[in-house]
Amino acid sequence: MKNDDVQAQGMGYLESVPRRVVTLYLPLGVFLFVLLFPFYWMGTTSLKPNAELLSRAGNPFWVAAPTLEHFRHLVFETPYPDWMWNTVIVSVVSTFFSLAASVFAAYAIERLRFRGSRQVGLCIFLAYLVPPSILFIPLAAIVYKLAIFDTRWALILTYPTFLIPFCTWLLMGYFRTIPYELEECALIDGATRWQILVKIILPLAVPGLISAGIFAFTLSWNEFIYALTFVSSSEVKTVPVGVVTELVEGDVYHWGALMAGALLGSLPVAVMYSFFVEYYVSGMTGAVKE
Amino acid sequence: MLPAGVLLLVFLTYPLGLGTWLGFTDAKVGRDGHWVGIENFQYLVGDAVARLSLFNTLFYTIVASVFKFALGLWLALLLNRNLPFKSFFRAVVLLPFIVPTALSAIAFWWMYDAQFSVISWVLMKAGFIDRYVDFLGDPWNARLSVIAANIWRGVPFVAICLLAGLQTISPSLYEAAALDGATPWQRFRYVTLPLLTPIIAVVMTFSVLFTFTDFQLIYVITRGGPLNSTHLMATLSFQRAISGGSLGEGAALATLMVPFLLAAILFSYFGLQRRAWQQGAKD
(Lines give C-alpha, C1' and ligand atoms only; values in the text may rest on other atoms or scores of the structure.)
Protein backbone atom coordinates (compact mmCIF):
# COMPACT_ATOMS: atom_id res chain seq x y z
CA MET A 1 0.00 0.00 0.00
CA LYS A 2 2.97 2.29 0.58
CA ASN A 3 3.73 3.05 -3.04
CA ASP A 4 0.12 3.87 -3.73
CA ASP A 5 0.95 7.44 -4.59
CA VAL A 6 3.30 6.36 -7.31
CA GLN A 7 0.99 3.67 -8.67
CA ALA A 8 -2.10 5.79 -8.28
CA GLN A 9 -1.07 7.94 -11.22
CA GLY A 10 -1.13 4.90 -13.51
CA MET A 11 -3.30 5.36 -16.53
CA GLY A 12 -6.19 6.82 -14.57
CA TYR A 13 -6.00 10.16 -16.38
CA LEU A 14 -7.03 8.46 -19.62
CA GLU A 15 -10.53 7.94 -18.26
CA SER A 16 -13.37 10.42 -18.53
CA VAL A 17 -15.46 11.17 -15.48
CA PRO A 18 -18.79 9.67 -16.68
CA ARG A 19 -17.03 6.52 -17.75
CA ARG A 20 -15.41 6.25 -14.35
CA VAL A 21 -18.74 6.63 -12.63
CA VAL A 22 -20.33 3.85 -14.66
CA THR A 23 -17.46 1.37 -14.59
CA LEU A 24 -16.16 2.00 -11.11
CA TYR A 25 -18.38 3.82 -8.64
CA LEU A 26 -21.69 2.31 -9.68
CA PRO A 27 -20.66 -1.36 -9.42
CA LEU A 28 -18.65 -0.62 -6.30
CA GLY A 29 -21.66 1.04 -4.74
CA VAL A 30 -23.85 -1.96 -5.54
CA PHE A 31 -21.27 -4.32 -4.06
CA LEU A 32 -21.00 -2.30 -0.88
CA PHE A 33 -24.76 -2.04 -0.56
CA VAL A 34 -25.28 -5.78 -0.90
CA LEU A 35 -22.37 -6.66 1.37
CA LEU A 36 -23.40 -4.28 4.12
CA PHE A 37 -27.17 -4.50 3.90
CA PRO A 38 -27.52 -7.52 6.22
CA PHE A 39 -25.70 -5.57 8.94
CA TYR A 40 -27.94 -2.57 8.52
CA TRP A 41 -30.87 -4.91 8.66
CA MET A 42 -29.60 -6.54 11.85
CA GLY A 43 -29.23 -3.11 13.40
CA THR A 44 -32.66 -1.77 12.49
CA THR A 45 -34.41 -5.01 13.41
CA SER A 46 -32.81 -5.06 16.83
CA LEU A 47 -34.12 -1.56 17.52
CA LYS A 48 -37.69 -2.11 16.36
CA PRO A 49 -40.47 -2.82 18.83
CA ASN A 50 -42.27 -6.10 18.21
CA ALA A 51 -45.42 -4.45 16.89
CA GLU A 52 -43.43 -2.71 14.22
CA LEU A 53 -41.52 -5.87 13.32
CA LEU A 54 -44.64 -7.84 12.64
CA SER A 55 -46.55 -5.34 10.57
CA ARG A 56 -46.33 -4.91 6.85
CA ALA A 57 -47.42 -1.31 6.96
CA GLY A 58 -44.91 1.50 6.89
CA ASN A 59 -41.41 1.60 5.59
CA PRO A 60 -39.38 -1.39 6.85
CA PHE A 61 -36.08 0.42 6.28
CA TRP A 62 -36.72 2.92 9.00
CA VAL A 63 -37.39 2.54 12.70
CA ALA A 64 -40.43 4.55 13.74
CA ALA A 65 -40.09 4.06 17.49
CA PRO A 66 -36.61 2.82 18.38
CA THR A 67 -36.37 0.76 21.54
CA LEU A 68 -33.63 -0.97 23.49
CA GLU A 69 -36.13 -3.50 24.83
CA HIS A 70 -34.58 -6.40 22.89
CA PHE A 71 -31.14 -5.68 24.27
CA ARG A 72 -32.53 -5.45 27.80
CA HIS A 73 -34.32 -8.77 27.36
CA LEU A 74 -31.14 -10.31 26.02
CA VAL A 75 -28.83 -9.14 28.76
CA PHE A 76 -31.10 -9.57 31.77
CA GLU A 77 -33.51 -12.36 30.91
CA THR A 78 -31.40 -14.81 28.94
CA PRO A 79 -28.05 -16.50 29.66
CA TYR A 80 -26.51 -14.31 26.96
CA PRO A 81 -23.84 -12.75 29.25
CA ASP A 82 -22.73 -16.28 30.20
CA TRP A 83 -22.34 -17.24 26.57
CA MET A 84 -20.35 -14.12 25.93
CA TRP A 85 -18.06 -14.92 28.84
CA ASN A 86 -17.62 -18.51 27.66
CA THR A 87 -16.79 -17.39 24.17
CA VAL A 88 -14.20 -14.95 25.48
CA ILE A 89 -12.55 -17.55 27.73
CA VAL A 90 -12.54 -20.29 25.13
CA SER A 91 -11.25 -18.04 22.36
CA VAL A 92 -8.52 -16.41 24.40
CA VAL A 93 -7.24 -19.59 26.03
CA SER A 94 -7.25 -21.65 22.86
CA THR A 95 -5.63 -18.82 20.92
CA PHE A 96 -2.77 -18.51 23.40
CA PHE A 97 -2.31 -22.24 23.63
CA SER A 98 -2.25 -22.63 19.86
CA LEU A 99 0.10 -19.70 19.39
CA ALA A 100 2.59 -21.10 21.88
CA ALA A 101 2.50 -24.55 20.29
CA SER A 102 2.73 -23.06 16.81
CA VAL A 103 5.79 -20.98 17.62
CA PHE A 104 7.70 -24.10 18.64
CA ALA A 105 6.43 -26.15 15.74
CA ALA A 106 7.07 -23.46 13.16
CA TYR A 107 10.53 -22.73 14.50
CA ALA A 108 11.41 -26.41 14.56
CA ILE A 109 10.23 -26.96 11.01
CA GLU A 110 11.85 -23.84 9.63
CA ARG A 111 15.17 -23.71 11.45
CA LEU A 112 16.14 -27.03 12.98
CA ARG A 113 17.33 -28.95 10.02
CA PHE A 114 16.03 -32.43 10.47
CA ARG A 115 15.21 -34.94 7.80
CA GLY A 116 11.72 -34.57 6.44
CA SER A 117 11.11 -31.08 7.78
CA ARG A 118 9.69 -30.03 4.43
CA GLN A 119 7.29 -32.96 4.45
CA VAL A 120 6.18 -32.06 7.94
CA GLY A 121 5.57 -28.51 6.75
CA LEU A 122 3.46 -29.80 3.89
CA CYS A 123 1.50 -32.02 6.25
CA ILE A 124 0.76 -29.01 8.43
CA PHE A 125 -0.65 -27.24 5.43
CA LEU A 126 -2.77 -30.24 4.48
CA ALA A 127 -3.99 -30.47 8.06
CA TYR A 128 -5.24 -26.92 7.73
CA LEU A 129 -7.26 -28.02 4.71
CA VAL A 130 -9.03 -30.77 6.66
CA PRO A 131 -12.37 -29.18 7.45
CA PRO A 132 -14.04 -29.38 10.88
CA SER A 133 -17.17 -30.90 9.36
CA ILE A 134 -15.20 -34.08 8.71
CA LEU A 135 -13.48 -34.14 12.07
CA PHE A 136 -16.35 -33.40 14.42
CA ILE A 137 -17.67 -36.96 14.66
CA PRO A 138 -14.41 -38.67 15.67
CA LEU A 139 -13.60 -35.74 17.92
CA ALA A 140 -17.00 -36.14 19.56
CA ALA A 141 -16.12 -39.76 20.27
CA ILE A 142 -12.81 -38.68 21.80
CA VAL A 143 -14.49 -35.97 23.85
CA TYR A 144 -16.91 -38.53 25.31
CA LYS A 145 -14.06 -40.86 26.17
CA LEU A 146 -12.06 -38.15 27.90
CA ALA A 147 -15.12 -37.28 29.96
CA ILE A 148 -14.85 -33.61 29.09
CA PHE A 149 -18.10 -33.55 27.16
CA ASP A 150 -20.19 -30.47 27.98
CA THR A 151 -17.35 -28.53 29.59
CA ARG A 152 -15.34 -25.60 28.36
CA TRP A 153 -12.35 -27.89 28.14
CA ALA A 154 -14.02 -29.78 25.33
CA LEU A 155 -13.81 -26.62 23.23
CA ILE A 156 -10.47 -25.34 24.47
CA LEU A 157 -8.81 -28.65 23.61
CA THR A 158 -10.47 -29.16 20.23
CA TYR A 159 -10.14 -25.68 18.76
CA PRO A 160 -6.36 -26.02 18.43
CA THR A 161 -6.92 -28.79 15.88
CA PHE A 162 -7.70 -26.15 13.31
CA LEU A 163 -5.84 -23.23 14.93
CA ILE A 164 -2.41 -24.85 15.23
CA PRO A 165 -2.01 -25.83 11.58
CA PHE A 166 -3.09 -22.38 10.50
CA CYS A 167 -0.86 -20.47 12.92
CA THR A 168 2.09 -22.73 12.25
CA TRP A 169 1.76 -22.24 8.53
CA LEU A 170 1.57 -18.49 8.94
CA LEU A 171 4.51 -18.30 11.35
CA MET A 172 6.63 -20.53 9.15
CA GLY A 173 6.30 -17.90 6.47
CA TYR A 174 7.35 -15.20 8.92
CA PHE A 175 10.31 -17.07 10.33
CA ARG A 176 11.53 -17.68 6.81
CA THR A 177 11.92 -13.94 6.28
CA ILE A 178 14.23 -13.56 9.28
CA PRO A 179 17.85 -13.78 8.11
CA TYR A 180 19.86 -16.81 9.13
CA GLU A 181 22.88 -14.64 9.84
CA LEU A 182 21.30 -13.20 12.97
CA GLU A 183 20.98 -16.66 14.42
CA GLU A 184 24.49 -17.62 13.41
CA CYS A 185 25.88 -14.56 15.16
CA ALA A 186 23.99 -15.47 18.30
CA LEU A 187 25.21 -19.06 18.12
CA ILE A 188 28.80 -17.88 17.86
CA ASP A 189 28.24 -15.65 20.86
CA GLY A 190 27.20 -18.73 22.76
CA ALA A 191 23.44 -18.39 22.82
CA THR A 192 21.38 -21.53 23.23
CA ARG A 193 18.52 -22.44 20.93
CA TRP A 194 16.08 -21.30 23.56
CA GLN A 195 17.76 -17.93 23.91
CA ILE A 196 17.82 -17.48 20.16
CA LEU A 197 14.11 -18.18 19.96
CA VAL A 198 13.12 -15.92 22.82
CA LYS A 199 15.56 -13.06 22.33
CA ILE A 200 15.98 -12.88 18.58
CA ILE A 201 13.28 -14.65 16.65
CA LEU A 202 10.22 -13.75 18.69
CA PRO A 203 10.82 -9.98 18.88
CA LEU A 204 11.37 -9.93 15.14
CA ALA A 205 8.26 -11.98 14.50
CA VAL A 206 5.89 -9.77 16.48
CA PRO A 207 3.85 -8.69 13.43
CA GLY A 208 3.48 -12.33 12.47
CA LEU A 209 2.43 -13.23 15.99
CA ILE A 210 -0.19 -10.50 15.98
CA SER A 211 -1.54 -11.62 12.61
CA ALA A 212 -1.73 -15.22 13.73
CA GLY A 213 -3.24 -14.24 17.07
CA ILE A 214 -5.96 -12.05 15.59
CA PHE A 215 -6.81 -14.64 13.00
CA ALA A 216 -6.90 -17.46 15.52
CA PHE A 217 -9.07 -15.41 17.85
CA THR A 218 -11.58 -14.67 15.10
CA LEU A 219 -11.61 -18.27 13.96
CA SER A 220 -12.33 -19.57 17.43
CA TRP A 221 -14.91 -16.87 18.10
CA ASN A 222 -16.72 -17.84 14.93
CA GLU A 223 -16.40 -21.59 15.38
CA PHE A 224 -19.79 -23.25 15.31
CA ILE A 225 -19.86 -26.96 14.62
CA TYR A 226 -17.60 -28.09 17.46
CA ALA A 227 -19.36 -25.83 19.94
CA LEU A 228 -22.68 -27.18 18.77
CA THR A 229 -21.60 -30.79 19.06
CA PHE A 230 -19.45 -30.94 22.18
CA VAL A 231 -21.51 -28.80 24.49
CA SER A 232 -25.14 -29.13 25.40
CA SER A 233 -25.98 -27.23 28.57
CA SER A 234 -26.76 -23.58 28.41
CA GLU A 235 -24.07 -22.41 30.85
CA VAL A 236 -21.16 -23.51 28.70
CA LYS A 237 -22.45 -22.55 25.27
CA THR A 238 -20.71 -19.98 23.10
CA VAL A 239 -22.46 -16.98 21.59
CA PRO A 240 -23.06 -18.29 18.05
CA VAL A 241 -24.43 -21.59 19.31
CA GLY A 242 -26.40 -20.06 22.14
CA VAL A 243 -28.13 -17.55 19.90
CA VAL A 244 -29.01 -20.15 17.31
CA THR A 245 -30.19 -22.89 19.64
CA GLU A 246 -31.68 -21.14 22.66
CA LEU A 247 -33.22 -17.93 21.42
CA VAL A 248 -35.33 -19.81 18.94
CA GLU A 249 -38.23 -21.18 20.94
CA GLY A 250 -40.70 -23.30 19.07
CA ASP A 251 -42.46 -21.48 16.29
CA VAL A 252 -42.27 -18.04 17.84
CA TYR A 253 -39.16 -16.31 16.65
CA HIS A 254 -38.05 -13.34 18.70
CA TRP A 255 -36.52 -11.62 15.75
CA GLY A 256 -35.62 -8.50 17.68
CA ALA A 257 -33.73 -10.40 20.35
CA LEU A 258 -32.15 -12.69 17.76
CA MET A 259 -30.83 -9.74 15.79
CA ALA A 260 -29.67 -7.98 18.94
CA GLY A 261 -27.82 -11.15 19.91
CA ALA A 262 -26.27 -11.49 16.48
CA LEU A 263 -25.20 -7.87 16.52
CA LEU A 264 -23.65 -8.01 19.98
CA GLY A 265 -21.94 -11.29 19.14
CA SER A 266 -20.40 -9.86 16.00
CA LEU A 267 -19.29 -6.66 17.67
CA PRO A 268 -16.15 -7.92 19.49
CA VAL A 269 -14.62 -9.46 16.38
CA ALA A 270 -15.60 -6.45 14.30
CA VAL A 271 -13.92 -4.11 16.79
CA MET A 272 -10.81 -6.29 17.03
CA TYR A 273 -10.72 -6.45 13.29
CA SER A 274 -11.06 -2.72 12.78
CA PHE A 275 -8.00 -2.13 14.99
CA PHE A 276 -5.86 -4.70 13.22
CA VAL A 277 -7.12 -4.63 9.64
CA GLU A 278 -3.65 -4.60 8.14
CA TYR A 279 -2.47 -7.53 10.22
CA TYR A 280 -5.62 -9.43 9.48
CA VAL A 281 -5.39 -8.92 5.75
CA SER A 282 -1.70 -9.76 5.69
CA GLY A 283 -2.43 -12.89 7.71
CA MET A 284 -5.16 -13.98 5.36
CA THR A 285 -3.32 -13.28 2.15
CA GLY A 286 -0.10 -14.62 3.61
CA ALA A 287 -1.79 -17.91 4.32
CA VAL A 288 -3.06 -18.15 0.77
CA LYS A 289 0.15 -17.23 -0.97
CA GLU A 290 3.11 -19.64 -1.09
CA MET B 1 11.13 -28.40 19.99
CA LEU B 2 10.77 -31.39 17.74
CA PRO B 3 8.28 -33.05 20.12
CA ALA B 4 5.87 -30.17 19.51
CA GLY B 5 5.77 -31.01 15.83
CA VAL B 6 5.39 -34.72 16.42
CA LEU B 7 2.68 -34.20 19.02
CA LEU B 8 0.81 -32.06 16.55
CA LEU B 9 0.80 -34.71 13.89
CA VAL B 10 -0.47 -37.39 16.22
CA PHE B 11 -3.11 -35.08 17.63
CA LEU B 12 -4.39 -34.29 14.16
CA THR B 13 -4.10 -37.52 12.27
CA TYR B 14 -5.58 -39.64 15.02
CA PRO B 15 -9.08 -38.16 14.76
CA LEU B 16 -8.94 -38.45 11.01
CA GLY B 17 -8.02 -42.11 11.21
CA LEU B 18 -10.56 -42.68 13.93
CA GLY B 19 -13.18 -41.02 11.76
CA THR B 20 -12.49 -43.34 8.90
CA TRP B 21 -12.54 -46.33 11.23
CA LEU B 22 -15.83 -45.22 12.77
CA GLY B 23 -17.27 -45.18 9.28
CA PHE B 24 -16.85 -48.95 9.21
CA THR B 25 -18.48 -49.58 12.57
CA ASP B 26 -21.94 -49.39 14.06
CA ALA B 27 -20.92 -47.07 16.88
CA LYS B 28 -23.62 -45.13 18.69
CA VAL B 29 -23.27 -42.18 21.05
CA GLY B 30 -21.81 -43.54 24.28
CA ARG B 31 -21.24 -47.04 22.92
CA ASP B 32 -18.24 -48.46 21.13
CA GLY B 33 -18.84 -49.81 17.70
CA HIS B 34 -18.10 -53.18 16.15
CA TRP B 35 -16.64 -53.70 12.76
CA VAL B 36 -19.40 -53.97 10.20
CA GLY B 37 -17.39 -53.63 7.02
CA ILE B 38 -18.87 -51.53 4.30
CA GLU B 39 -22.42 -51.87 5.56
CA ASN B 40 -22.73 -48.16 6.32
CA PHE B 41 -21.58 -47.24 2.88
CA GLN B 42 -23.92 -49.76 1.26
CA TYR B 43 -26.77 -48.34 3.24
CA LEU B 44 -25.89 -44.77 2.28
CA VAL B 45 -25.65 -45.59 -1.40
CA GLY B 46 -29.16 -46.99 -1.26
CA ASP B 47 -30.45 -44.05 0.77
CA ALA B 48 -32.32 -41.49 -1.31
CA VAL B 49 -31.69 -38.70 1.20
CA ALA B 50 -27.94 -39.30 1.15
CA ARG B 51 -27.93 -39.28 -2.63
CA LEU B 52 -29.95 -36.08 -2.63
CA SER B 53 -27.46 -34.52 -0.22
CA LEU B 54 -24.62 -35.44 -2.55
CA PHE B 55 -26.42 -33.75 -5.41
CA ASN B 56 -27.15 -30.72 -3.25
CA THR B 57 -23.56 -30.45 -2.14
CA LEU B 58 -22.24 -30.59 -5.69
CA PHE B 59 -24.83 -28.12 -6.93
CA TYR B 60 -24.20 -25.80 -4.00
CA THR B 61 -20.44 -25.92 -4.40
CA ILE B 62 -20.36 -25.48 -8.15
CA VAL B 63 -22.88 -22.64 -8.41
CA ALA B 64 -21.57 -20.79 -5.36
CA SER B 65 -17.93 -21.14 -6.42
CA VAL B 66 -18.54 -19.89 -9.93
CA PHE B 67 -20.35 -16.83 -8.64
CA LYS B 68 -17.84 -16.22 -5.88
CA PHE B 69 -15.03 -16.34 -8.38
CA ALA B 70 -16.68 -14.04 -10.92
CA LEU B 71 -17.94 -11.49 -8.41
CA GLY B 72 -14.80 -11.70 -6.30
CA LEU B 73 -12.56 -11.06 -9.29
CA TRP B 74 -14.72 -8.16 -10.38
CA LEU B 75 -14.67 -6.62 -6.91
CA ALA B 76 -10.91 -7.10 -6.69
CA LEU B 77 -10.45 -5.33 -10.02
CA LEU B 78 -12.65 -2.47 -8.84
CA LEU B 79 -10.73 -2.13 -5.59
CA ASN B 80 -7.45 -2.21 -7.44
CA ARG B 81 -8.33 0.95 -9.36
CA ASN B 82 -7.35 4.41 -8.30
CA LEU B 83 -9.81 5.09 -5.49
CA PRO B 84 -10.11 7.54 -2.62
CA PHE B 85 -10.34 5.85 0.82
CA LYS B 86 -9.03 2.63 -0.65
CA SER B 87 -8.01 1.00 2.60
CA PHE B 88 -11.32 1.97 4.16
CA PHE B 89 -13.23 0.24 1.36
CA ARG B 90 -11.02 -2.78 1.65
CA ALA B 91 -11.65 -3.00 5.37
CA VAL B 92 -15.41 -2.64 4.98
CA VAL B 93 -15.63 -5.18 2.19
CA LEU B 94 -14.13 -7.88 4.38
CA LEU B 95 -16.73 -7.48 7.14
CA PRO B 96 -19.08 -10.25 5.97
CA PHE B 97 -16.17 -12.66 6.13
CA ILE B 98 -15.07 -11.90 9.67
CA VAL B 99 -18.33 -11.78 11.58
CA PRO B 100 -19.48 -15.16 12.89
CA THR B 101 -21.22 -16.98 10.05
CA ALA B 102 -23.83 -18.43 12.35
CA LEU B 103 -24.87 -14.93 13.36
CA SER B 104 -24.97 -13.39 9.90
CA ALA B 105 -26.90 -16.47 8.78
CA ILE B 106 -29.59 -15.47 11.26
CA ALA B 107 -29.86 -12.11 9.51
CA PHE B 108 -30.37 -13.94 6.23
CA TRP B 109 -32.92 -16.20 7.81
CA TRP B 110 -34.91 -13.15 8.84
CA MET B 111 -34.49 -11.57 5.42
CA TYR B 112 -35.84 -14.75 3.85
CA ASP B 113 -38.82 -14.94 6.22
CA ALA B 114 -41.92 -16.00 4.35
CA GLN B 115 -44.15 -13.30 5.81
CA PHE B 116 -41.94 -10.35 6.59
CA SER B 117 -39.10 -10.63 4.11
CA VAL B 118 -37.69 -7.24 3.24
CA ILE B 119 -36.66 -8.55 -0.19
CA SER B 120 -40.24 -9.48 -0.93
CA TRP B 121 -41.35 -6.09 0.33
CA VAL B 122 -39.07 -4.26 -2.09
CA LEU B 123 -40.00 -6.48 -5.04
CA MET B 124 -43.65 -6.01 -4.22
CA LYS B 125 -43.40 -2.23 -4.04
CA ALA B 126 -41.46 -2.22 -7.28
CA GLY B 127 -44.28 -4.21 -8.83
CA PHE B 128 -42.28 -7.31 -9.83
CA ILE B 129 -44.31 -9.78 -7.80
CA ASP B 130 -47.84 -9.77 -6.46
CA ARG B 131 -47.37 -11.89 -3.37
CA TYR B 132 -44.57 -12.62 -0.93
CA VAL B 133 -41.95 -15.07 -2.12
CA ASP B 134 -41.70 -18.23 -0.06
CA PHE B 135 -37.91 -18.23 -0.02
CA LEU B 136 -37.32 -21.16 2.26
CA GLY B 137 -40.49 -23.17 1.75
CA ASP B 138 -39.89 -24.29 -1.81
CA PRO B 139 -36.97 -26.66 -2.55
CA TRP B 140 -35.45 -24.70 -5.42
CA ASN B 141 -36.05 -21.31 -3.83
CA ALA B 142 -34.43 -22.59 -0.66
CA ARG B 143 -31.40 -23.92 -2.52
CA LEU B 144 -30.86 -20.67 -4.36
CA SER B 145 -31.42 -18.65 -1.19
CA VAL B 146 -28.75 -20.46 0.79
CA ILE B 147 -26.41 -20.27 -2.18
CA ALA B 148 -26.94 -16.50 -2.26
CA ALA B 149 -26.08 -16.29 1.43
CA ASN B 150 -22.96 -18.38 0.86
CA ILE B 151 -21.87 -16.17 -2.02
CA TRP B 152 -22.40 -13.11 0.14
CA ARG B 153 -20.07 -14.56 2.72
CA GLY B 154 -17.46 -15.88 0.32
CA VAL B 155 -17.02 -12.99 -2.11
CA PRO B 156 -15.01 -10.79 0.28
CA PHE B 157 -12.46 -13.54 0.93
CA VAL B 158 -11.92 -14.18 -2.77
CA ALA B 159 -11.84 -10.47 -3.56
CA ILE B 160 -9.31 -9.51 -0.90
CA CYS B 161 -6.98 -12.40 -1.72
CA LEU B 162 -7.13 -11.67 -5.44
CA LEU B 163 -6.58 -7.99 -4.69
CA ALA B 164 -3.36 -8.90 -2.90
CA GLY B 165 -2.36 -10.76 -6.05
CA LEU B 166 -3.32 -7.86 -8.30
CA GLN B 167 -1.22 -5.44 -6.32
CA THR B 168 1.90 -7.42 -7.11
CA ILE B 169 1.40 -6.85 -10.85
CA SER B 170 3.50 -3.94 -11.97
CA PRO B 171 1.54 -1.09 -13.58
CA SER B 172 4.26 -0.66 -16.16
CA LEU B 173 3.10 -3.90 -17.77
CA TYR B 174 -0.29 -2.33 -18.41
CA GLU B 175 1.31 0.82 -19.76
CA ALA B 176 3.45 -1.21 -22.12
CA ALA B 177 0.41 -3.17 -23.28
CA ALA B 178 -1.58 0.03 -23.77
CA LEU B 179 1.23 1.53 -25.84
CA ASP B 180 1.17 -1.56 -28.01
CA GLY B 181 -2.52 -0.87 -28.63
CA ALA B 182 -4.10 -3.46 -26.36
CA THR B 183 -7.76 -2.85 -25.52
CA PRO B 184 -8.82 -2.99 -21.85
CA TRP B 185 -10.19 -6.49 -22.40
CA GLN B 186 -6.92 -7.61 -23.99
CA ARG B 187 -4.99 -6.07 -21.13
CA PHE B 188 -7.11 -8.07 -18.71
CA ARG B 189 -6.95 -11.28 -20.72
CA TYR B 190 -3.25 -11.31 -21.59
CA VAL B 191 -1.67 -9.41 -18.70
CA THR B 192 -3.84 -9.74 -15.60
CA LEU B 193 -5.18 -13.24 -15.97
CA PRO B 194 -1.92 -15.13 -16.68
CA LEU B 195 -0.13 -13.35 -13.84
CA LEU B 196 -3.00 -14.01 -11.48
CA THR B 197 -3.48 -17.69 -12.33
CA PRO B 198 -1.38 -19.17 -9.51
CA ILE B 199 -3.15 -17.21 -6.81
CA ILE B 200 -6.54 -17.90 -8.38
CA ALA B 201 -5.73 -21.60 -8.16
CA VAL B 202 -4.98 -21.44 -4.45
CA VAL B 203 -7.84 -19.14 -3.54
CA MET B 204 -10.39 -21.18 -5.43
CA THR B 205 -9.09 -24.40 -3.91
CA PHE B 206 -9.74 -22.92 -0.49
CA SER B 207 -13.09 -21.57 -1.52
CA VAL B 208 -14.29 -24.84 -3.04
CA LEU B 209 -13.12 -26.78 -0.02
CA PHE B 210 -14.90 -24.63 2.49
CA THR B 211 -18.04 -24.44 0.39
CA PHE B 212 -18.14 -28.18 -0.06
CA THR B 213 -17.93 -28.79 3.66
CA ASP B 214 -20.15 -25.89 4.65
CA PHE B 215 -22.28 -26.52 7.68
CA GLN B 216 -23.21 -23.36 9.57
CA LEU B 217 -25.24 -21.55 6.94
CA ILE B 218 -27.43 -24.51 6.14
CA TYR B 219 -27.84 -25.53 9.73
CA VAL B 220 -28.97 -22.07 10.77
CA ILE B 221 -31.09 -21.06 7.79
CA THR B 222 -32.89 -24.25 6.80
CA ARG B 223 -31.64 -27.20 8.89
CA GLY B 224 -31.64 -29.13 5.64
CA GLY B 225 -35.31 -28.57 4.94
CA PRO B 226 -37.71 -28.27 3.18
CA LEU B 227 -37.97 -32.01 2.42
CA ASN B 228 -34.19 -32.44 2.80
CA SER B 229 -33.74 -30.34 -0.31
CA THR B 230 -30.92 -28.25 1.13
CA HIS B 231 -29.16 -30.95 3.14
CA LEU B 232 -25.46 -30.93 2.44
CA MET B 233 -23.32 -33.92 3.31
CA ALA B 234 -21.96 -32.10 6.35
CA THR B 235 -25.37 -31.24 7.77
CA LEU B 236 -26.73 -34.69 7.03
CA SER B 237 -23.81 -36.35 8.75
CA PHE B 238 -24.38 -34.11 11.76
CA GLN B 239 -28.05 -35.04 11.81
CA ARG B 240 -27.35 -38.77 11.52
CA ALA B 241 -24.43 -38.84 13.92
CA ILE B 242 -25.32 -36.40 16.69
CA SER B 243 -29.06 -35.81 16.55
CA GLY B 244 -29.77 -39.35 15.35
CA GLY B 245 -27.08 -40.94 17.49
CA SER B 246 -25.57 -43.28 14.90
CA LEU B 247 -21.97 -42.12 14.89
CA GLY B 248 -20.92 -44.81 12.44
CA GLU B 249 -23.29 -43.73 9.74
CA GLY B 250 -22.43 -40.06 10.13
CA ALA B 251 -18.73 -40.85 10.06
CA ALA B 252 -19.20 -42.89 6.91
CA LEU B 253 -20.94 -39.94 5.31
CA ALA B 254 -18.15 -37.59 6.39
CA THR B 255 -15.56 -40.01 5.05
CA LEU B 256 -17.36 -40.02 1.73
CA MET B 257 -16.58 -36.31 1.44
CA VAL B 258 -12.84 -36.90 1.52
CA PRO B 259 -12.44 -38.28 -2.03
CA PHE B 260 -14.34 -35.31 -3.41
CA LEU B 261 -12.15 -32.91 -1.50
CA LEU B 262 -8.98 -34.59 -2.69
CA ALA B 263 -10.29 -34.50 -6.24
CA ALA B 264 -11.07 -30.80 -5.91
CA ILE B 265 -7.61 -30.05 -4.52
CA LEU B 266 -5.79 -32.06 -7.16
CA PHE B 267 -7.91 -30.73 -9.99
CA SER B 268 -7.67 -27.06 -9.21
CA TYR B 269 -4.10 -27.18 -8.01
CA PHE B 270 -2.44 -29.24 -10.70
CA GLY B 271 -4.84 -28.25 -13.45
CA LEU B 272 -4.28 -24.56 -13.02
CA GLN B 273 -0.59 -24.93 -12.31
CA ARG B 274 -0.10 -26.74 -15.58
CA ARG B 275 -2.05 -24.03 -17.32
CA ALA B 276 0.23 -21.39 -15.86
CA TRP B 277 3.24 -23.37 -16.95
CA GLN B 278 1.90 -23.75 -20.48
CA GLN B 279 1.27 -20.06 -20.72
CA GLY B 280 4.72 -19.32 -19.43
CA ALA B 281 6.27 -21.77 -21.88
CA LYS B 282 4.55 -20.19 -24.85
CA ASP B 283 6.66 -17.06 -24.76
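Visitor: What distance separates the centres of domain 1 of chain A and domain 2 of chain A?

Guide: Domain bounds come from an automatic or database domain assignment. Here domain 1 of chain A covers 14-67 and domain 2 covers 73-288. Taken over C-alpha atoms, their centres are 33 Å apart. This is a predicted model, in which local features need pLDDT of at least 70, side-chain atom pairs count only at pLDDT 80 or more, and totals for chains, interfaces and linings use all residues. Residues are numbered from 1 along each chain as its sequence is written, with chains lettered from A and ligands numbered from 1 in the order in which they are written.

Visitor: How many residues does each domain of chain A give to the contact?

Guide: Two residues are in contact if their C-beta atoms, placed from the backbone, lie within 7 Å. Domain 1 of chain A gives 7 residues and domain 2 of chain A gives 6. On the domain 1 side, α2 (17-47) and α3 (50-53) of chain A each give two or more residues; helices are DSSP runs (H or I, at least four residues), numbered from the N terminus. The largest share, 4 residues, comes from α2(A).

Visitor: How many residues of chain A and chain B take part in their contact?

Guide: Chain A supplies 71 residues and chain B 69. On the chain A side, α2(A) gives the most, with 12 residues.

Visitor: Why is Gly173(A) classed as partly exposed?

Guide: A residue is buried with 20 or more other C-beta atoms within 10 Å of its own, exposed with 12 or fewer, and partly exposed in between. Gly173(A), in helix α9 (residues 160-177) of chain A, is partly exposed because 19 other C-beta atoms lie within 10 Å.
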